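I opened my notebook to record what I looked up in a structure, one topic at a time.

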Amino acid sequence: MAIDHQRRSLIGAAGACAVAPLVARGVAVAGPLMGLSAAAAGPRVIKVIAKKFVYVPSEIRVRSGETVELQLTAPEVPMGFNLPDFAVRTDVMPGKVAKVRFTADKAGTFTFLCDVFCGTGHEDMSGTVVVT
Amino acid sequence: MNDLDRRQFLQLAGLGGVVLVSAATGAARAADAMGGAAEDFWFVQLSDLHWGFEGPPNPDAKGTLPKAIAAVNALDRQPDFVIFTGDLTHTTDDPRERRKRMAEVKSMVGELKVKTLRFIAGEHDASLDNGKAFIENFGETHYTFDHKGVHFIVLDNVSDPGASLGQAQLDWLAADLRTQPADARIVVFTHRPLFDLYPQWDWATRDGAKAVELLMPHANVTVFYGHIHQENHHMTGHIAHHSAKSLIFALPAPGSQPKRTPFAWDADHPYQGLGFREIAAHRSPVEYALTELPVAKG
């Protein structure tokens, strides 16, 4: 089920240079593919860190129709990543990079969460994928 | 039960095979109205105590469980047994503190008049140590027992931190069900929902559908669970699933808001949304009368 939130006003056409400072603030933004076709560039890679008890970034922005690859790491303890609305989930084990891909075939705001009980803050460990 | 009593009984009917009785009447009195065959009995479900929780959603966290115990002890008719459907304790990363909380729960529930107590684990009890402390204090995390013609099955979908039953437990369940006739009266207790109630809030069991598939050939199956801190009634085919209220704080309806933040404590209506359940098990036809009862008058 999609949960629509009030959308933040973000940089509309962020390029690679614009992504870094946004990621630092916990937001990943889908940008144009720097002149490359999607086929040539492959899916855009978004690195996500799952740490006690927060994802960095906790908000992932994707353009409608875009395919992205999430590369997840967990520096502390085993974590999970579950994005039910896109049928995407994986365990995230320390020392390994877990990769999942999905195509944003519907617009809206979708919750992802840690579905591996990881400690006292586990139940607050979630984020959103925003598809525009 | 004569025809009139049966008709009255069914007038209370809610979901297939299950009777949802107004909390104003009480299951014992409802069962009296339906004739009370010799094999009818009552049990009480307490869920999600979260002993050790501290926070604004319940400023009387230490006082709520004793109030619930007093409320059960004050029932007109004592149940045959009490089932605790998980999250007896609030999670802690400290194994010693976890055991301390469990010991305190054991001591407190020892004040119940009814001495037949059944326990199942919640993820707060068991997911950080695969159920080790729970087993030390309360026994096995999945088991069966029989009572007055009902076969009870306790499933563990929390000792795996990934919320799976696991193939070994599914095999065990399949073997147990093979010993039961197709029309056996079966009640399943579990902590998490066995179906995908709302996976976005972790209200699911990863392989719960496999358990439901195993249960499907049996005509008389009802599931009682906890975890979501509110009543919810759902059917998967002919199998009814009933979640229970919590004894610590209430949670919002599935997907009704962006996050599953607990409802704020209402000083004008303390303990609102908290409670426990009395269940009358009727033999023929197989029906369950559910009565939701408050922790305390607020």
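The entries below go from whole chains to single residues.

**Entry 1: the model and its chains**

I noted before anything else that this is a predicted model. Chain A has 2 helices and 10 strands, and chain B has 8 helices and 12 strands. I wrote down the order for chain A, which from the N terminus runs α-β-α-β-β-β-β-β-β-β-β-β.

Next I looked up burial. In chain A, 31% of the 132 residues count as buried. In chain B, buried residues make up 48% of the 298 residues.

I also checked how far apart in sequence the contacting residues are. For chain B, 72% of the contacts between residues at least 6 apart join residues at least 24 apart.

**Entry 2: where the chains touch**

**Entry 3: a sheet in chain A**

I followed an open sheet of 4 strands in chain A, with the order 3-2-5-8 and mixed pairing. Its edge strands are strand 3 (54–56) and strand 8 (98–103), each of which pairs on one side only. Ignoring direction, neighbouring strands here are turned by 25° against each other on average.

I then looked at one pair in this sheet. Strand 2 (residues 44–51) and strand 3 of chain A are antiparallel and share 3 bridges. In this pair, A:Ile49 stands opposite A:Val56 of strand 3.

**Entry 4: two cis peptide bonds**

I kept one general point in mind: most residues other than glycine have a negative phi, and most peptide bonds are trans. I found a cis peptide bond between A:Lys52 and A:Phe53, with omega about -10°. A:Phe53 is in the loop between strand 2 and strand 3 of chain A.

I noted another cis bond, between A:Val56 and A:Pro57, with omega about 0°. A:Pro57 lies in the loop between strand 3 and strand 4 (59–62) of chain A.

**Entry 5: positive phi in chain B**

I looked up B:Asp87, where phi is positive and near 50°. B:Asp87 sits in the loop between strand 3 (81–85) and helix 4 (95–109) of chain B. Is B:Asp87 buried or exposed? B:Asp87 is buried, because 28 other C-beta atoms lie within 10 Å and the cut-off for buried is 20 or more.

I went on to B:Lys148, whose phi is also positive, near 45°. B:Lys148 is in the turn of a hairpin formed by strand 5 and strand 6 of chain B, with 2 residues between the strands. Strand 5 (residues 143–147) and strand 6 (residues 150–154) run antiparallel and are joined by 5 bridges. Across this pair, B:Thr144 stands opposite B:Ile153 of strand 6. B:Lys148 is exposed, because 12 other C-beta atoms lie within 10 Å and 12 or fewer counts as exposed.

**Entry 6: two packed helices in chain B**

I took helix 7 (residues 167–178) and helix 8 (residues 208–215) of chain B, which pack at an angle of about 10° with their axes 10 Å apart. These two helices are therefore roughly parallel to each other, since angles under 35 degrees count as such. Helix 7 makes the contact with B:Leu170, B:Leu173, B:Ala174 and B:Leu177, and helix 8 with B:Lys210, B:Ala211 and B:Leu214. By class I listed 6 nonpolar, no polar and 1 charged residues in this contact.

**Entry 7: the cores**

I looked up the largest nonpolar core, which has 70 residues. Among the residues that touch the most other members are B:Leu46, B:Leu49 and B:Val188. Strand 2 (residues 41–46) of chain B gives the most to this core, with 5 residues. A second, separate core has 26 residues, including A:Ala74 and A:Cys118.

I finished with B:Val188, which is in strand 7 (residues 185–189) of chain B. B:Val188 counts as buried because 22 C-beta neighbours lie inside 10 Å. Leaving aside residues up to four places away in sequence, B:Val188 touches B:Ile153, B:Leu155, B:Leu215, B:Val221 and B:Val223. I also noted that B:Val188 and B:Val154 are 34 residues apart in sequence, with 5.8 Å between their C-alpha atoms.

Key. Residues numbered from 1 in each chain as written. Chains lettered and ligands numbered in written order. Predicted model: local features only at pLDDT ≥ 70, side-chain atom pairs only at ≥ 80, totals over all residues. Axes fitted to C-alpha atoms, helices over the stretch in contact; angles between N-to-C directions. Parallel < 35°, antiparallel > 145°, perpendicular 65-115°, else oblique. Contact = placed C-beta atoms within 7 Å. Nonpolar A, V, L, I, M, F, W, Y, C, P; charged D, E, K, R; others polar. Pairing = 2+ DSSP bridges. Core = buried A, V, L, I, M, F, W, Y, C linked by C-beta atoms within 7 Å.
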